[in-house]
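Subject: Handover of a structure and findings

Dear colleague,

Please find below the structure I am handing over to you.

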Amino acid sequence: PSVWVALVSAGIGALLGGMVRTVVDWYTAFRKSKGMAIALRAEIEALLQIVKARQYLPLVMERIERLQNPAYMPSMNDVFAIRVTQDYFTVFYALCPKIGLLDHLSGQIVLLYTVGKSLMEALNTLQDILERSRSGEGALDRDELLTQSRDVALLLQTILDGGQQAVDALA
């Protein structure tokens, strides 16, 4: 009988220990995900504030309005060229290996940052167009400039909309 009592006690102890360990692991993952959500939310909010304060979308839309006129001859002022010298996604890159801890929000966050990276590429393309024109390698092509500007406007709008949704979801 004492052997059975010892075995049952050991079994109950192991079961309780396993349950406690599971709860501790779950709580640790929960705390990490909350910390990640707070950090990502702050980074996204900062990016949205920058885009709004610098009025990027209205500035691009002004250029698009001019470029839509087939008779318009574009100048270098019609190129929405922003030199991006900072890494604005440091929190995202730091947390990328653990992004799955955000569960259902991880896809939304990855999508938002992928659109952001695409915007950086589009801005680099506009910068290349401006540098090509400055160096005399070619005149500004209105259709090319209009297409690239529309792409930037679409990406900016997507980021403004999706960014706010992500901020709300991460709250």
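Predicted model: local features only at pLDDT ≥ 70, side-chain atom pairs only at ≥ 80, totals over all residues.

**The largest pocket**

The space in the largest pocket comes to about 370 Å³.

Three helices each supply at least two residues of this lining: helix H1 (2–53), helix H4 (105–134) and H5. Among the contributors, H4 gives the most, with six residues. Sorted by class, the lining of the largest pocket holds 19 nonpolar residues, three polar ones and two charged ones.

**Helices H4 and H5**

Two packed helices are described by the angle between their axes and the distance between the axes. For H4 and H5, the axes come within 9 Å and cross at roughly 155 degrees. Angles over 145 degrees count as roughly antiparallel, and H4 and H5 are therefore roughly antiparallel to each other. Their crossing is left-handed. The residues that form the contact of H4 with H5 comprise 17 nonpolar, 10 polar and three charged.

**Helices H2 and H5**

Helix H5 (residues 142–170) also packs with helix H2 (residues 56–67): the two axes come within 9 Å, with a crossing angle of roughly 150 degrees. That angle makes H2 roughly antiparallel to H5. The crossing of H2 and H5 is left-handed.

Which residues of H2 and H5 meet? From H2 they are Tyr56, Leu57, Val60, Met61, Ile64 and Leu67. On the H5 side, these residues meet Arg142, Leu145, Leu146, Ser149, Arg150, Val152, Ala153, Leu156, Gln157 and Leu160. By class, the contact of H2 with H5 consists of 12 nonpolar, two polar and two charged residues.

**In brief**

H5 supplies at least two residues of the lining of the largest pocket. H5 is also roughly antiparallel to H4, and H2 is roughly antiparallel to H5. The crossing is left-handed for H4 with H5 and left-handed for H2 with H5.

With kind regards

Conventions:
Residues numbered from 1 in each chain as written. Heavy atoms only, no water. Axes fitted to C-alpha atoms, helices over the stretch in contact; angles between N-to-C directions. Helix = DSSP H or I, 4+ residues; strand = E, 2+ residues; numbered from the N terminus. Parallel < 35°, antiparallel > 145°, perpendicular 65-115°, else oblique. Left-handed = near helix turned anticlockwise from the far one by under 90°. Contact = heavy atoms within 4.5 Å. Nonpolar A, V, L, I, M, F, W, Y, C, P; charged D, E, K, R; others polar. 1 Å grid on protein atoms, 1.4 Å probe; cavity = no way out; pocket = protein on both sides within 12 Å on 5 of 7 lines; lining within 4 Å. Points joined across faces, edges and corners; volume = space filled by probe spheres on them.
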